Protein chains: 2
Amino acid sequence: MSTDEKTTADADSDGVHDPIAALATPYAQSAVAVIRASGARVIELIAPLFSRPEKLRDAPRYTIMHGRFQDRDGRTIDEVLVNVFRAPHSYTGEDSVEINSHGSLPVIERILETLYSSGFRPAEPGEFTLRAFLTGKLDLTRAEAVNEIIRARSDRARSLAMNRLGGSIERAIDSVKGRLVDILARVEIQLDYPEEDTGEVVIPPEVIDETIVRLESLVATYRIGRVYQEGVRVAIAGRTNAGKSSLFNLFVREDRSIVSDVPGTTRDYIEATTIIDGVPVRLFDTAGLRVSEDTIETEGVRRSESILGAADLVVYVVDGIEGVVADDERRVEQIADRVPCVVAWNKIDLVDARVCPAGYIGISAETGENVEALRAAIATRITPERGVADGRPVIDSVRQKDLIERALAALRETKVGVDAGVPVDAVALDLQEAIRALGEITGEVTTDDILDAMFSGFCVGK
Amino acid sequence: MSTDEKTTADADSDGVHDPIAALATPYAQSAVAVIRASGARVIELIAPLFSRPEKLRDAPRYTIMHGRFQDRDGRTIDEVLVNVFRAPHSYTGEDSVEINSHGSLPVIERILETLYSSGFRPAEPGEFTLRAFLTGKLDLTRAEAVNEIIRARSDRARSLAMNRLGGSIERAIDSVKGRLVDILARVEIQLDYPEEDTGEVVIPPEVIDETIVRLESLVATYRIGRVYQEGVRVAIAGRTNAGKSSLFNLFVREDRSIVSDVPGTTRDYIEATTIIDGVPVRLFDTAGLRVSEDTIETEGVRRSESILGAADLVVYVVDGIEGVVADDERRVEQIADRVPCVVAWNKIDLVDARVCPAGYIGISAETGENVEALRAAIATRITPERGVADGRPVIDSVRQKDLIERALAALRETKVGVDAGVPVDAVALDLQEAIRALGEITGEVTTDDILDAMFSGFCVGK
């Protein structure tokens, strides 16, 4: 009658998982913290740590209990609210408990310590959502959408992810796959019972064509999803004293980098996040690009070169008082070879400033004059195609994109075979491959490796 | 029958307050965010923003509802759980709702925007707790304890604050006050009905003495509470290249400040938090204290001087290779005049290092050798008296301390009057003042100004 302790996330034969717990809110001081626990016997395990154990054991699903959370010696850690969820009516599909404590770092630490010494183990990143998938609460496209909502950096990204959480990708894939499965079923009947006169089964080429078009159109949305979700990297470059830090500060509207008259003040790149026309922008203020004997500054220059190399767009700032010098020309040419580049002519507010030449956008990073024109020039270069209809699925997962491309490759092979009159048993293999790839997207077909790779990118506590 | 919109936190005549809402968890990406709403008609106001409005309107207290939170045009913002609280069974004592959404920044922003355009206003810091006080759910000592738990920076501080949240201060004050009120009542009966022969009322001096002792002992705990709650400031000082940054990094065990061989690398002070022997320590790495023509470095030196001035303890690091130079001697003398100072002799791991003189603690910030001895020397200088019995109230609020001192001053006057045989009607005034001061501690007597000052130090959302 002994029971082996389980230490992995593997499901028991009856689909019940070992108890896990994690902080679900950020580890920082605030009014409230939420600690989430899920798995087998979770309510039974937490009851002795709660001031009203019997009430907790008897609590119906979706109820809230007020009481004290205690350590194993009965000492009160904090006054808490405990939210009770009963399988299958929970996020994970298992019995679950959420502890709402004060958002106090020592409280969070003590509660977690107490849980971890009372039968719980720390949850892996994304493990609650993994369990929701394993218990059939979510397919993999919705599971990915959970993470995409959390990581959304603009309202447009949130809205696209919410759409996916609602099942738009799952439905699109299932619909395409359904038609392929119908065709394959008829082919396989014929292959299994050749003696029966079911007539020659033809794989209808127009259905394959239409499926290819639908999948191509879906995979094309990946770039759009990426831009809104991941954002773009914009680097501000230019010679020392051109006003890069002032421009950076103007964009992020807070005083993050030191602005000073000493050449080389910005010793390292500084990064901030802002939103330009709905697109999240990681903005980088690079160090002054002058050569220096100072080891730290040289390191800064090296780093800023690597930032420029990875940028999606560079804003090159020219000092409007000094005008374009040979170094500027060389730099802009080098940058524009690799990445889109917008050139700004700074300090137009100063009386000494020269006239802004054509092709440059004259601005004053100091007064903000004409900076909107610069912002607009950046926006036109970074926003993806508009006009994606509301509710139309937009893909944001490289995993989904790769699988659709695998399905597409198999369907194109199918098409070639059908057109060339290859026997259906050979063509059926390509069709099976396409269906398998589509099944992996929703998780109908999956492996532990795929799941591990997918969920490791999630937050702990989700 | 028109109803004026209320825009302040003032209670209506029936004790119902205007609807407020705020994020109760940190504004950062995470699995879960909690948005809290409380006040009049809160469930009625949120129902049209929820996918199951009728269910929400009918929800019993302490229940959780799953659904979609929508904007005013019915577009889904996120899938959420809504926790329903009904007056008076809530934190604030009012009808309240907590929205558990994904911990996504755009989700948080959209939900708050939607609430703020649907009859809610942003809650002031501490306003939920203020309401709990106004509806009689908490006295002021417990309300302060809520904030103290959240701000606790060590488990000992949390435990002391939890004790106060449990009412230890409230009970101590009420018990002392109760005895004074009894005495005053008898005095006042005699003053009001002098014709009745109630016998000469004597204010028992031993009761006043005992009360003074109890309050003195309570107020003496303030220093202990402070150290565990606020922590202490420890600054690392020393000449350029003595190894300040290495020592700083060793203490905080992460690479926050740049350690380099270029003199003057640490341009500004850098702060980190660590815990030494249960006491939260704000550790400051000061700039190299050399005089420089460089404007930024001069600014750094100025700031590090101000850090040293505000420190509770200074760790002065001497370069064990260079030995103690005149500049070190002058500095240590200056520092030790104002603040406790521990002197470390660094680089004992190097062959060139001189022998560590008596009174210095020889260490290697590079290898960590003997740093535990330095840590112990710091600990003995920063930890307050031990031996505060578990459960004994420890005060952590300057407001409470000042009021106890006011009560003590009045009681000492009472004592003088009693001893000098002053008529009871004169002594009664001092007694009243002591009782009034004690009543302010728990909030039995209070004013809007006192409440504003107190709650403005709270988190938003609490």
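Contact here means that heavy atoms lie within 4.5 Å, and by that criterion 50 residues of chain B are in contact with 50 residues of chain A in this predicted model.

The size of an interface is often given as the accessible area lost when the parts come together. Between chain B and chain A the buried area is about 4,100 Å², with carbon and sulfur atoms giving 64% of that area.

| Feature across the interface of chain B and chain A | Value |
|---|---|
| Salt bridges | 2 |
| Residue pairs in polar contact (both at pLDDT 80 or more) | 15 |

On the side of chain B that touches chain A, the elements giving two or more residues include strand E2 (30-38), strand E3 (63-70), strand E4 (76-85) and strand E5 (96-103), together with helix H3 (105-116), helix H5 (140-151), helix H6 (155-165) and helix H11 (295-310). The element that gives the most to this side is E4(B), with 8 residues. Sorted by class, the side of chain B that touches chain A holds 24 nonpolar, 15 polar and 11 charged residues.

How are the two chains related? Chain B is superposed on chain A by a rotation of 179 degrees with 0.1 Å of shift along the axis, at an RMSD of 0.1 Å, and that is the relation of a two-fold axis. The C-alpha of B:Thr63 is the one in chain B nearest the axis, 2.3 Å from it. Both copies use the same surface, in that 98% of the contact residues of chain B recur in chain A.

Conventions. Residues are numbered from 1 along each chain as its sequence is written. Chains are lettered from A and ligands numbered from 1 in the order in which they are written. This is a predicted model: local features need pLDDT of at least 70, side-chain atom pairs count only at pLDDT 80 or more; totals for chains, interfaces and linings use all residues. Side-chain values use heavy atoms; hydrogens and water are left out. Buried area is the accessible area (1.4 Å probe) that two parts lose on being put together, summed over both. A salt bridge is a side-chain nitrogen of Lys or Arg within 4 Å of a carboxyl oxygen of Asp or Glu. A polar contact is a pair of N or O atoms within 3.5 Å; within protein, one must be able to donate a hydrogen and the other to accept it, and residues adjacent in sequence count only if both atoms are side-chain atoms. Helices (H or I, at least four residues) and strands (E, at least two) are DSSP runs, numbered from the N terminus. Ala, Val, Leu, Ile, Met, Phe, Trp, Tyr, Cys and Pro count as nonpolar, Asp, Glu, Lys and Arg as charged, and the others, Gly among them, as polar. Copies are superposed by least squares on the C-alpha atoms of residues with pLDDT of at least 70 in both.
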